[in-house]
Each structure stands twice: as C-alpha cells, then as structure tokens.
Amino acid sequence: MVRIAVVGASGRMGRCLIKAAFEAEQAELTVAVSRPGSDSVGRDAGELAGIGNLGVSVSDNIASALDQFDVLIDFTRPEPSLQYMEICRLAGKQMVIGTTGYSEEQKSNIQRLAESIPLVFAPNMSVGVNLSLKLLQMAAQVMGEYTDIEVIEAHHRHKVDAPSGTALRMGEVVAETLGRDLSECAIYGREGDTGERDRNTIGFSTIRAGDIVGEHTVMFADQGERVEITHKATSRMTFANGAVRAATWLDGKAPGCYDMQDVLDLK
Ligand SMILES: NC(=O)c1ccc[n+]([C@@H]2O[C@H](COP(=O)([O-])OP(=O)(O)OC[C@H]3O[C@@H](n4cnc5c(N)ncnc54)[C@H](OP(=O)(O)O)[C@@H]3O)[C@@H](O)[C@H]2O)c1
C-alpha cells in the first residue's frame, strides 16, 4: 500500500486528491497539509473533501510528518511547490507534481531535482489528454508541415496562469514532432494589425469563463479541410485519479523525471 501526502489540501484539486487517494485500492491517504493559518488546518481531511471522517487531521507542517508518507502529491502554486520539492529531496521522498505555471528556470530546477528522487511531472494527469498527445504526434507527422496549427483552450474563471500547462505541452509535442522550437514559433493571442499568418507559427488562444473544468482543441487547418483533436474534462476527479495512479506507479522506480506517458506506457 502506497502512503500518500496531499499538500494544498483545501484547494479544488486538493479535495479531489483526498477523495481519489481514499478510493484507490493500492493507496491510502495518510497526510494532508494546508498553509499555516488556513481554515482547514485541524479539520478532518475526509470532511474537507465531503466524504466523511477519515481520521486524518489536516496539518500545517509537512516536515513533522515525513515518516508517515511515501509519495507527496502537489497541486498548488509554483513557489510553494518548489519548497515542497526541496523538502522531498532532503527526505528522499517521491513526488507527483501537477502544479502548472512554472518559469523555464523553475522547470530546469525540477529536472535537476529528479536526479535525486523519482517524480512524475505532468501538466495534465488525465488518461484522455495523454492519449490526445499521442494523437497529436500522428497528426503533426502527417499534416503539420503544410497546415496552420492553432491551440485553443478554455478553463474556469479562477485559473491564474495562461495558456494552460496542457495547452503548452500540446504545443511542445507538435513543435518537437516538426523539429521546431516552441519558444520561437508560438504566438500568444493576436490583436490589431497582425499581418498575414506565418505557416510556421503555432497560435494559442485562451478562454477563461465560468466553471469550465478544462477544454483543449488543437486545429490543423488546410484549404478545404481541417482536423481538430479535442479533449474535454467534465470532472477534476479525472486529474486526481491520474495523479494517484502515478503515485502508485512510482513505487520502486529509479530517480528521474517521468511523465504520464511513462505511467500509461504510451511511449
Ligand atoms: N496536472 C493536472 O492534471 C492539473 C489539473 C488541474 C489543475 N492543475 C494545476 O494544479 C494547481 C492547483 O489548481 P487548483 O484548481 O486546485 O487551485 P486552487 O483551488 O487555488 O488550490 C491551490 C491550493 O494551493 C495551496 N496554496 C496556494 N498558495 C500557496 C502558498 N503560497 N503556500 C502554500 N500553499 C499554497 C492552497 O491550499 P491550502 O489552502 O490547503 O494551503 C490552495 O488552496 C494549478 O497550478 C492548476 O493549474 C493541474
């Protein structure tokens, strides 16, 4: 049985992760952590997640619970997430990182950290999105050189980073397949006198509205036809279940930075 610690326990994903860890057959929730001063500190994690008492009290100090978990699951914000990573590195704990919005420098730090501990780092933990990444490779191979490629994503009004980590990963997969560097060919939004579209660019459009859980479309558009690969998430539990699956998969793995394609054996 893999013992799981959830940080950011009172967040939208934190609550789903508590439920997913409780429901998983090969995992158990043993630690739940919120920020010092958070209303959730001292409450029962199960009560917080709306699934009844689990007997796990939400704490505000991960350092005092290091002997109580095997894998830490982090869906928070880049800054606290990097602090949790340092704690896991020093304690030799495995991690599943679902947080998005890291800078390139922060992503390099995560790669360095993975030299010491095994971790799964993926901007989207759903099975469907990771299958879509595979389909995108195929579409890019067949149509990418001669079509206009656009990534459109929509999320709820509370999301704080844009484009979504998933949209960026989709763009990266397409760019890598075509031998392009996304940092050089991405266009983030358009306004005013833009001129004609450059075929070699990959465009990103962002919608933030209401309670949309997460929708992504990648369009390969030619004259006369276009292919669209779309994924729609309707419940955050799909990400939480993927993260718990990643946590159980990590058991016994060598240090390294893995992603959901590894977990799902899609490589
Ligand atoms: N990889 C995926 O599949 C996937 C899917 C969905 C979302 N995400 C990402 O997961 C992250 C969280 O999303 P969410 O919708 O759950 O956000 P959220 O509801 O705002 O929750 C984030 C939680 O992080 C904790 N937190 C925030 N700032 C902190 C700080 N300075 N120090 C310590 N803890 C802090 C807080 O938890 P406490 O109050 O309990 O401390 C907060 O509730 C985002 O980056 C989002 O893009 C990833």
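Visitor: Is C257 buried, exposed or partly exposed?
Guide: C257 is partly exposed, with a relative accessible area of 27%. Buried means under 20% relative accessible area, exposed means over 50%, and partly exposed is in between (1.4 Å probe, protein chains only). This is a predicted model, where local features need pLDDT of at least 70, side-chain atom pairs count only at pLDDT 80 or more, and totals for chains, interfaces and linings use all residues. Residues are numbered from 1 along each chain as its sequence is written, and side-chain values use heavy atoms, leaving out hydrogens and water.

Visitor: New topic: where does V129 sit?
Guide: V129 is in helix 5, residues 127–143. Helices (H or I, at least four residues) and strands (E, at least two) are DSSP runs, numbered from the N terminus. V129 is buried, with 1% relative accessible area.

Visitor: And what does V129 touch?
Guide: Not counting residues up to four places away in sequence, V129 touches N124, T166 and H231. Contact means heavy atoms within 4.5 Å.

Visitor: What about L131, buried or partly exposed?
Guide: L131, also found in helix 5, is partly exposed at 44% relative accessibility.

Visitor: OK, which residues have the most contacts inside the largest nonpolar core?
Guide: Those are I4, L17, I18, I73, V96, V120 and M260, in a core of 39 residues. A nonpolar core is a set of buried Ala, Val, Leu, Ile, Met, Phe, Trp, Tyr and Cys residues joined through side-chain atoms within 4.5 Å.

Visitor: Which element gives the largest share of this core?
Guide: Helix 8, with seven residues. Other elements giving two or more residues include strand 1 (2–7) and helix 1 (12–23).

Visitor: You listed V120. What is V120 in contact with?
Guide: Leaving aside neighbours within four places in sequence, its contacts include M95, V96, I97, W249 and M260.
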